Amino acid sequence: MSPNKITNEIVLTALGEVLDPEIGKDLVSLGMIDNVKVDGSTVNFTVNLTTPACPQRDEIRDSALSAVQAIKGVTEVNIEMGAKVPVGHTKSEHPNIKNVIAVASGKGGVGKSTVAVNLAVILAQKGAKVGLLDADIYGPNVPIMMGVERLGGVNEEKMIPAEGHSVKVMSIGFMVKPEQALIWRGPILHTAIKQFVQDVDWGELDYLVVDLPPGTGDVQLSLNQTLEIQGGLIITLPQQVSLDDALRGINMFQELKVPILGVVENMSYFETPSGEKVDIFGSGGGEKLAAMTGVPYIGSIPIDPEVRIGGDAGIPVVLSHPDSPVSVALIDIAEKVAAQVSVLAVKGK
(Lines give C-alpha, C1' and ligand atoms only; values in the text may rest on other atoms or scores of the structure.)
Protein backbone atom coordinates (compact mmCIF):
# COMPACT_ATOMS: atom_id res chain seq x y z
CA MET A 1 0.00 0.00 0.00
CA SER A 2 1.29 3.42 -0.92
CA PRO A 3 2.44 5.40 2.14
CA ASN A 4 0.52 8.42 0.84
CA LYS A 5 -2.81 6.60 0.47
CA ILE A 6 -5.60 8.55 2.14
CA THR A 7 -7.85 6.38 4.31
CA ASN A 8 -11.05 6.93 6.25
CA GLU A 9 -9.06 6.58 9.45
CA ILE A 10 -6.74 9.41 8.44
CA VAL A 11 -9.72 11.63 7.64
CA LEU A 12 -11.40 10.83 10.96
CA THR A 13 -8.19 11.51 12.83
CA ALA A 14 -8.00 14.95 11.24
CA LEU A 15 -11.65 15.69 12.00
CA GLY A 16 -11.08 14.51 15.56
CA GLU A 17 -9.15 17.73 16.10
CA VAL A 18 -12.13 19.91 15.15
CA LEU A 19 -14.26 21.04 18.10
CA ASP A 20 -17.89 22.00 18.24
CA PRO A 21 -17.51 25.52 19.68
CA GLU A 22 -20.69 25.32 21.76
CA ILE A 23 -20.19 21.85 23.25
CA GLY A 24 -16.41 21.89 23.42
CA LYS A 25 -15.94 18.32 22.15
CA ASP A 26 -14.61 17.08 18.83
CA LEU A 27 -16.90 16.27 15.91
CA VAL A 28 -15.94 12.60 15.76
CA SER A 29 -16.57 11.75 19.42
CA LEU A 30 -19.87 13.63 19.21
CA GLY A 31 -20.93 11.41 16.33
CA MET A 32 -21.29 14.35 13.98
CA ILE A 33 -19.29 12.81 11.10
CA ASP A 34 -20.98 10.39 8.70
CA ASN A 35 -20.52 8.89 5.25
CA VAL A 36 -16.76 9.34 4.94
CA LYS A 37 -15.70 8.31 1.47
CA VAL A 38 -12.26 8.64 -0.06
CA ASP A 39 -11.98 8.53 -3.84
CA GLY A 40 -8.30 8.91 -4.69
CA SER A 41 -7.40 12.44 -3.64
CA THR A 42 -11.04 13.48 -3.14
CA VAL A 43 -12.65 13.26 0.30
CA ASN A 44 -16.41 13.31 0.87
CA PHE A 45 -18.19 13.33 4.22
CA THR A 46 -21.24 14.62 6.06
CA VAL A 47 -21.24 16.87 9.10
CA ASN A 48 -24.41 16.40 11.11
CA LEU A 49 -24.93 19.44 13.31
CA THR A 50 -26.73 19.03 16.63
CA THR A 51 -29.42 21.42 15.39
CA PRO A 52 -30.40 22.68 11.93
CA ALA A 53 -30.53 26.14 13.52
CA CYS A 54 -26.87 26.01 14.55
CA PRO A 55 -25.43 29.56 14.76
CA GLN A 56 -21.90 28.19 14.24
CA ARG A 57 -22.78 26.30 11.07
CA ASP A 58 -20.29 28.11 8.84
CA GLU A 59 -17.55 28.08 11.47
CA ILE A 60 -17.83 24.31 11.93
CA ARG A 61 -17.89 23.69 8.20
CA ASP A 62 -14.85 25.88 7.56
CA SER A 63 -12.89 24.22 10.38
CA ALA A 64 -13.71 20.75 9.09
CA LEU A 65 -12.77 21.79 5.57
CA SER A 66 -9.41 23.19 6.69
CA ALA A 67 -8.61 20.10 8.74
CA VAL A 68 -9.14 17.72 5.83
CA GLN A 69 -7.49 19.98 3.27
CA ALA A 70 -4.37 19.84 5.44
CA ILE A 71 -4.06 16.08 4.90
CA LYS A 72 -1.19 15.36 2.53
CA GLY A 73 -2.42 14.34 -0.90
CA VAL A 74 -5.96 15.73 -0.59
CA THR A 75 -6.91 17.88 -3.58
CA GLU A 76 -10.69 18.16 -3.19
CA VAL A 77 -13.08 18.10 -0.20
CA ASN A 78 -16.86 17.84 -0.49
CA ILE A 79 -18.90 18.41 2.66
CA GLU A 80 -22.61 17.83 3.02
CA MET A 81 -24.15 19.65 5.98
CA GLY A 82 -26.96 17.86 7.82
CA ALA A 83 -28.41 17.77 11.32
CA LYS A 84 -29.29 15.18 13.95
CA VAL A 85 -30.94 16.75 16.97
CA PRO A 86 -29.96 14.91 20.16
CA VAL A 87 -32.55 13.68 22.65
CA GLY A 88 -32.66 15.95 25.69
CA HIS A 89 -34.63 13.86 28.17
CA THR A 90 -34.50 10.60 30.09
CA LYS A 91 -38.23 9.87 30.31
CA SER A 92 -39.40 6.96 28.18
CA GLU A 93 -43.10 7.92 28.02
CA HIS A 94 -42.57 10.34 25.14
CA PRO A 95 -39.59 9.05 23.14
CA ASN A 96 -40.69 10.79 19.94
CA ILE A 97 -40.43 14.26 21.48
CA LYS A 98 -36.71 14.93 21.71
CA ASN A 99 -36.64 18.35 23.39
CA VAL A 100 -39.24 20.47 25.19
CA ILE A 101 -38.73 24.25 25.29
CA ALA A 102 -41.04 26.16 27.64
CA VAL A 103 -41.62 29.86 26.96
CA ALA A 104 -42.73 31.71 30.08
CA SER A 105 -43.32 35.13 31.56
CA GLY A 106 -44.20 36.42 34.99
CA LYS A 107 -47.08 38.49 33.65
CA GLY A 108 -49.25 38.82 30.59
CA GLY A 109 -48.88 41.32 27.80
CA VAL A 110 -45.14 40.94 27.28
CA GLY A 111 -45.32 39.15 23.93
CA LYS A 112 -44.65 35.66 25.23
CA SER A 113 -46.93 33.96 22.69
CA THR A 114 -45.42 36.03 19.89
CA VAL A 115 -41.94 34.82 20.80
CA ALA A 116 -43.11 31.20 21.15
CA VAL A 117 -44.86 31.24 17.76
CA ASN A 118 -41.94 32.80 15.91
CA LEU A 119 -39.44 30.53 17.68
CA ALA A 120 -41.36 27.46 16.51
CA VAL A 121 -41.67 28.77 12.96
CA ILE A 122 -37.97 29.66 12.73
CA LEU A 123 -36.89 26.19 13.91
CA ALA A 124 -39.24 24.60 11.38
CA GLN A 125 -37.97 26.86 8.58
CA LYS A 126 -34.43 25.75 9.43
CA GLY A 127 -35.46 22.17 8.83
CA ALA A 128 -36.38 20.85 12.28
CA LYS A 129 -39.51 18.86 13.11
CA VAL A 130 -41.42 21.17 15.43
CA GLY A 131 -44.58 21.10 17.50
CA LEU A 132 -46.21 24.05 19.27
CA LEU A 133 -48.33 23.39 22.35
CA ASP A 134 -50.53 26.27 23.42
CA ALA A 135 -50.68 25.62 27.17
CA ASP A 136 -51.99 29.11 27.90
CA ILE A 137 -55.36 27.73 28.95
CA TYR A 138 -56.86 31.10 29.84
CA GLY A 139 -55.72 32.96 26.71
CA PRO A 140 -55.21 30.50 23.84
CA ASN A 141 -54.10 32.90 21.11
CA VAL A 142 -51.75 30.59 19.23
CA PRO A 143 -54.34 29.35 16.68
CA ILE A 144 -54.99 32.93 15.52
CA MET A 145 -51.29 33.75 15.37
CA MET A 146 -50.53 30.57 13.42
CA GLY A 147 -53.47 30.93 11.05
CA VAL A 148 -55.10 27.61 11.98
CA GLU A 149 -58.72 27.13 13.00
CA ARG A 150 -59.26 23.47 13.80
CA LEU A 151 -57.57 20.19 14.60
CA GLY A 152 -56.30 18.00 11.80
CA GLY A 153 -58.83 15.33 12.76
CA VAL A 154 -58.88 12.25 14.95
CA ASN A 155 -57.43 8.85 14.19
CA GLU A 156 -58.35 5.64 16.00
CA GLU A 157 -56.69 6.62 19.25
CA LYS A 158 -55.38 10.19 19.17
CA MET A 159 -56.13 13.71 18.05
CA ILE A 160 -54.22 14.92 15.02
CA PRO A 161 -52.75 18.38 15.60
CA ALA A 162 -53.37 21.24 13.24
CA GLU A 163 -50.49 22.31 11.05
CA GLY A 164 -49.48 25.81 10.09
CA HIS A 165 -46.22 27.05 8.55
CA SER A 166 -44.75 23.51 8.86
CA VAL A 167 -45.42 23.46 12.62
CA LYS A 168 -47.80 21.02 14.34
CA VAL A 169 -50.13 22.96 16.64
CA MET A 170 -52.31 21.95 19.59
CA SER A 171 -54.44 24.35 21.65
CA ILE A 172 -57.49 24.38 23.89
CA GLY A 173 -58.62 27.11 21.51
CA PHE A 174 -59.64 24.37 19.06
CA MET A 175 -62.12 22.97 21.57
CA VAL A 176 -63.91 25.97 23.04
CA LYS A 177 -65.78 28.95 21.64
CA PRO A 178 -63.66 32.11 21.35
CA GLU A 179 -65.75 33.91 23.96
CA GLN A 180 -65.94 31.00 26.39
CA ALA A 181 -64.38 31.57 29.80
CA LEU A 182 -62.47 28.62 31.23
CA ILE A 183 -62.76 28.36 35.00
CA TRP A 184 -60.74 25.27 35.75
CA ARG A 185 -59.21 24.04 38.97
CA GLY A 186 -55.88 22.30 39.30
CA PRO A 187 -56.95 18.66 38.71
CA ILE A 188 -58.78 19.57 35.49
CA LEU A 189 -55.81 21.61 34.29
CA HIS A 190 -53.48 18.72 34.96
CA THR A 191 -55.72 16.34 33.02
CA ALA A 192 -55.92 18.77 30.08
CA ILE A 193 -52.14 19.24 29.88
CA LYS A 194 -51.62 15.49 30.12
CA GLN A 195 -54.09 14.88 27.30
CA PHE A 196 -52.48 17.54 25.11
CA VAL A 197 -49.27 15.53 25.32
CA GLN A 198 -50.38 11.90 25.49
CA ASP A 199 -53.58 11.96 23.43
CA VAL A 200 -52.19 13.94 20.50
CA ASP A 201 -50.40 12.27 17.60
CA TRP A 202 -47.34 14.54 17.53
CA GLY A 203 -45.26 12.13 15.47
CA GLU A 204 -41.51 12.61 15.73
CA LEU A 205 -40.47 16.04 16.99
CA ASP A 206 -37.04 17.57 17.38
CA TYR A 207 -38.59 20.36 19.46
CA LEU A 208 -41.90 20.87 21.22
CA VAL A 209 -42.25 24.57 22.00
CA VAL A 210 -44.71 25.19 24.83
CA ASP A 211 -46.41 28.55 25.31
CA LEU A 212 -47.08 28.67 29.04
CA PRO A 213 -49.70 30.91 30.65
CA PRO A 214 -48.38 33.97 32.49
CA GLY A 215 -47.36 33.59 36.10
CA THR A 216 -46.47 30.53 38.14
CA GLY A 217 -49.31 28.10 38.68
CA ASP A 218 -50.86 24.70 38.11
CA VAL A 219 -50.20 24.54 34.37
CA GLN A 220 -46.46 25.02 34.84
CA LEU A 221 -46.36 22.33 37.52
CA SER A 222 -48.47 19.91 35.48
CA LEU A 223 -46.33 20.34 32.39
CA ASN A 224 -43.17 19.62 34.36
CA GLN A 225 -44.78 16.47 35.77
CA THR A 226 -45.91 15.31 32.32
CA LEU A 227 -42.83 16.16 30.24
CA GLU A 228 -39.18 16.60 30.99
CA ILE A 229 -38.59 20.24 30.07
CA GLN A 230 -35.19 20.68 28.46
CA GLY A 231 -35.08 24.40 29.15
CA GLY A 232 -37.15 27.47 29.90
CA LEU A 233 -37.08 30.83 28.15
CA ILE A 234 -38.13 33.93 30.10
CA ILE A 235 -39.77 36.84 28.27
CA THR A 236 -39.84 40.28 29.91
CA LEU A 237 -40.28 43.96 29.11
CA PRO A 238 -37.66 46.55 30.08
CA GLN A 239 -39.62 48.21 32.91
CA GLN A 240 -39.22 47.33 36.58
CA VAL A 241 -42.71 45.93 37.18
CA SER A 242 -42.23 43.39 34.40
CA LEU A 243 -38.79 42.46 35.73
CA ASP A 244 -40.17 41.74 39.18
CA ASP A 245 -42.71 39.36 37.66
CA ALA A 246 -40.13 37.76 35.37
CA LEU A 247 -37.95 37.08 38.40
CA ARG A 248 -40.74 34.92 39.77
CA GLY A 249 -40.71 32.95 36.52
CA ILE A 250 -36.97 32.37 36.89
CA ASN A 251 -37.42 31.26 40.48
CA MET A 252 -40.19 28.89 39.37
CA PHE A 253 -37.94 27.16 36.83
CA GLN A 254 -35.15 26.94 39.37
CA GLU A 255 -37.44 25.35 41.96
CA LEU A 256 -38.61 22.85 39.35
CA LYS A 257 -34.95 22.21 38.45
CA VAL A 258 -35.55 23.27 34.85
CA PRO A 259 -32.46 24.79 33.16
CA ILE A 260 -33.03 28.39 32.09
CA LEU A 261 -32.03 28.98 28.49
CA GLY A 262 -32.04 32.73 28.91
CA VAL A 263 -33.86 36.03 29.26
CA VAL A 264 -35.35 37.82 26.25
CA GLU A 265 -36.29 41.49 26.47
CA ASN A 266 -39.25 42.16 24.20
CA MET A 267 -40.43 45.57 23.01
CA SER A 268 -37.02 46.96 23.90
CA TYR A 269 -37.27 50.10 21.80
CA PHE A 270 -39.08 51.71 18.90
CA GLU A 271 -37.08 52.98 15.95
CA THR A 272 -38.52 56.06 14.23
CA PRO A 273 -38.32 56.56 10.44
CA SER A 274 -35.39 58.91 11.05
CA GLY A 275 -33.47 56.15 12.86
CA GLU A 276 -33.92 57.45 16.41
CA LYS A 277 -34.43 54.74 19.02
CA VAL A 278 -37.12 55.54 21.59
CA ASP A 279 -37.13 53.53 24.82
CA ILE A 280 -40.87 53.49 25.39
CA PHE A 281 -40.71 51.03 28.28
CA GLY A 282 -37.29 51.99 29.63
CA SER A 283 -34.06 50.23 28.76
CA GLY A 284 -31.61 47.62 29.97
CA GLY A 285 -34.04 45.79 32.24
CA GLY A 286 -33.59 42.39 30.67
CA GLU A 287 -29.80 42.55 30.90
CA LYS A 288 -30.09 43.69 34.51
CA LEU A 289 -32.36 40.75 35.35
CA ALA A 290 -30.02 38.27 33.65
CA ALA A 291 -26.98 39.66 35.46
CA MET A 292 -28.80 39.64 38.79
CA THR A 293 -29.88 36.00 38.47
CA GLY A 294 -26.84 34.64 36.65
CA VAL A 295 -28.80 33.39 33.63
CA PRO A 296 -27.88 34.17 30.02
CA TYR A 297 -29.20 37.28 28.31
CA ILE A 298 -29.86 36.18 24.77
CA GLY A 299 -31.36 39.16 23.02
CA SER A 300 -33.67 42.12 22.74
CA ILE A 301 -36.56 42.50 20.31
CA PRO A 302 -37.59 45.95 19.04
CA ILE A 303 -41.19 47.13 18.72
CA ASP A 304 -42.57 46.74 15.21
CA PRO A 305 -46.24 47.18 14.21
CA GLU A 306 -45.78 44.35 11.70
CA VAL A 307 -45.54 41.90 14.62
CA ARG A 308 -49.12 42.70 15.63
CA ILE A 309 -50.33 42.79 12.03
CA GLY A 310 -48.77 39.42 11.24
CA GLY A 311 -50.08 37.90 14.45
CA ASP A 312 -53.64 39.00 13.70
CA ALA A 313 -53.37 37.69 10.13
CA GLY A 314 -51.91 34.33 11.12
CA ILE A 315 -48.57 35.03 9.41
CA PRO A 316 -45.72 35.37 11.95
CA VAL A 317 -43.44 38.33 11.32
CA VAL A 318 -40.44 36.13 10.50
CA LEU A 319 -42.41 34.99 7.45
CA SER A 320 -44.15 38.23 6.51
CA HIS A 321 -41.06 40.45 6.99
CA PRO A 322 -38.05 38.10 7.28
CA ASP A 323 -35.45 40.84 6.82
CA SER A 324 -36.89 43.31 9.33
CA PRO A 325 -34.91 44.16 12.50
CA VAL A 326 -37.43 42.34 14.67
CA SER A 327 -37.15 39.17 12.55
CA VAL A 328 -33.35 39.33 12.57
CA ALA A 329 -33.47 39.57 16.38
CA LEU A 330 -35.91 36.65 16.65
CA ILE A 331 -33.80 34.46 14.35
CA ASP A 332 -30.69 35.19 16.41
CA ILE A 333 -32.56 34.29 19.60
CA ALA A 334 -33.91 31.07 18.08
CA GLU A 335 -30.41 29.98 17.01
CA LYS A 336 -29.05 30.67 20.49
CA VAL A 337 -31.89 28.73 22.09
CA ALA A 338 -31.38 25.76 19.75
CA ALA A 339 -27.65 25.77 20.45
CA GLN A 340 -28.19 25.78 24.21
CA VAL A 341 -30.72 22.97 23.98
CA SER A 342 -28.17 20.88 22.09
CA VAL A 343 -25.48 21.62 24.66
CA LEU A 344 -27.80 20.53 27.48
CA ALA A 345 -28.83 17.41 25.58
CA VAL A 346 -25.25 16.33 24.88
CA LYS A 347 -23.70 17.30 28.19
CA GLY A 348 -26.69 16.57 30.40
CA LYS A 349 -28.41 19.01 32.71
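Two strands pair if DSSP finds at least two bridges between them; helices (H or I, at least four residues) and strands (E, at least two) are DSSP runs, numbered from the N terminus. The model is predicted: local features need pLDDT of at least 70, side-chain atom pairs count only at pLDDT 80 or more, and totals for chains, interfaces and linings use all residues. Residue numbers start from 1 along each chain as its sequence is written, and side-chain values use heavy atoms, with hydrogens and water left out.

**View 1. Pairing of β1 with β2.** Strands β1 and β2 (residues 42-49) run antiparallel and are joined by five bridges. Asp34 stands opposite Thr46 in β2.

**View 2. The open sheet.** Three strands form an open sheet in the order β1-β2-β3, with mixed pairing. Its edge strands, β1 (33-39) and β3 (76-83), each pair on one side only. From one strand to the next, the twist averages 10°.

**View 3. Contact of helices α3 and α11.** Helix α3 (residues 112-125) packs with helix α11 (residues 325-347) at an angle of about 75°, their axes lying 9 Å apart. Axes are lines fitted to C-alpha atoms, for helices over the stretch in contact, and angles run from 0 to 180 degrees between N-to-C directions. α3 is therefore roughly perpendicular to α11 (angles of 65 to 115 degrees count as such). In contact (heavy atoms within 4.5 Å), Asn118, Leu119, Ile122 and Leu123 of α3 meet Leu330, Ile331, Ala334, Val337 and Ala338 of α11. The residues of this contact comprise eight nonpolar, one polar and no charged (Ala, Val, Leu, Ile, Met, Phe, Trp, Tyr, Cys and Pro count as nonpolar, Asp, Glu, Lys and Arg as charged, and the others, Gly among them, as polar).

Technical notes:
Angles under 35 degrees count as roughly parallel, over 145 as roughly antiparallel, 65 to 115 as roughly perpendicular and the rest as oblique.
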